[in-house]
Amino acid sequence: MHKMKTRITQLLGIEYPIIQGGMAWVAEHNLAAAVSEAGGLGLIGAGGAPAEFIREQIRKVKETTSNPFGVNLMLMNPEADAIAQIIVEEGVRVVTTGAGNPGKYMAMWKEAGVKVIPVIASVAMAKMMERGGADAVVAEGMESGGHIGSATTMTLVPQVVDAVKIPVIAAGGIADGRGFAASMMLGAEAVQMGTRFVVAKESIAHENYKKKLIGAKDIDSEVTGMSHGHPVRQIRNNMTREYVKLEREGAPFEELEKLTLGALRKAVVEGDTVNGTLMAGQIAGLVKKEQTCREMIEEIMAEAEKLLHGTVGVM
Ligand code: TUI
């Protein structure tokens, strides 16, 4: 397989410019190690997990692979400060952040030589992160699963590429070689994928969740939480129908929250597809089978190579 070089593969010391999303509950040590072993960048998703649990996860990845891997720090985690510290203590080489502004950790991470890659959903945030010393940004479109912004990947990525000098990683709606190639044409130097990796053989996501995702069609996702400014994309089910109905009736956040508290764990760990939060992106309709992370990455790179050969300066 062709080894595609971009500023991102160089920065991170990885073989292929494919980064695994930092999905809460799903992105644990098995998945992260498998993606990194296959030549991409695996991530442990901190989600809302306790700090010491993240330390254990980091140590488990180190036992499995000597390749680079990272941690995704979800900034609304109540133990975010402690996790930010653990990332330094454990010598993690790469951190990505989500759902907020990581500004207060930037100096500490940079001093420790950690590569910092904030996930952003707007040009303004990308510029702010560049000024603050970020090494790259992930520009994540609203096609993504989970907590989203409002711009699409197609519109966000080229605008961010024009606005900053640091390398840009495209995310949202990418699950195959075509999405990878299109991202390169928009000026991205890597992609981040979540939805496809949920159904990886090495992913510990419950079989029921994987089946739902594999069976999903193009328009089977729903965005909940629009009414209170925390939109979350997930596969439509009983819970989202009830949620959206309550939102239309003007229900307060406290009432809506009762439906989602612990619901991601229900989906990922217990396989509750009725009341759980089945986070997935709009590209779920393209994800048709369970494969190993290596099979996924090699298939994507082979397809992208055919499409991109001679079109961009990287392959
Ligand atoms: O963070 C994500 N995706 C996530 S986080 C998550 S956990 C969660 N669960 C339920 C409700 C809310 C969160 C599930 N999925 N993606 C990265 C991302 N970051 N998307 C959008 C943003 C973002 C939003 C606002 C980044 C920065 C930002 O700045 C706001 C500010 O502080 O100015």
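Reply: Ala99 sits in the loop that runs between strand E4 (94-98) and helix H5 (103-111), where helices (H or I, at least four residues) and strands (E, at least two) are DSSP runs numbered from the N terminus. This is a predicted model, in which local features need pLDDT of at least 70, side-chain atom pairs count only at pLDDT 80 or more, and totals for chains, interfaces and linings use all residues. Residues are numbered from 1 along each chain as its sequence is written, and side-chain values use heavy atoms, with hydrogens and water left out.

Me: What is the phi of Ala99 near?

Reply: Phi of Ala99 is near 60°, which is a positive value in a residue other than glycine.

Me: And how accessible is Ala99?

Reply: Ala99 has a relative accessible area of 28% and therefore counts as partly exposed, a class that lies between buried (under 20%) and exposed (over 50%), with a 1.4 Å probe and protein chains only.

Me: Which loop holds Trp25, and what is its phi?

Reply: Trp25 lies in the loop between strand E1 (18-20) and helix H2 (29-37), and Trp25 has a positive phi of about 70° although it is not a glycine. Trp25 counts as partly exposed because its relative accessibility is 43%.

Me: Changing topic, which helix gives the most to the lining of the second largest pocket?

Reply: That is H8, with three residues.
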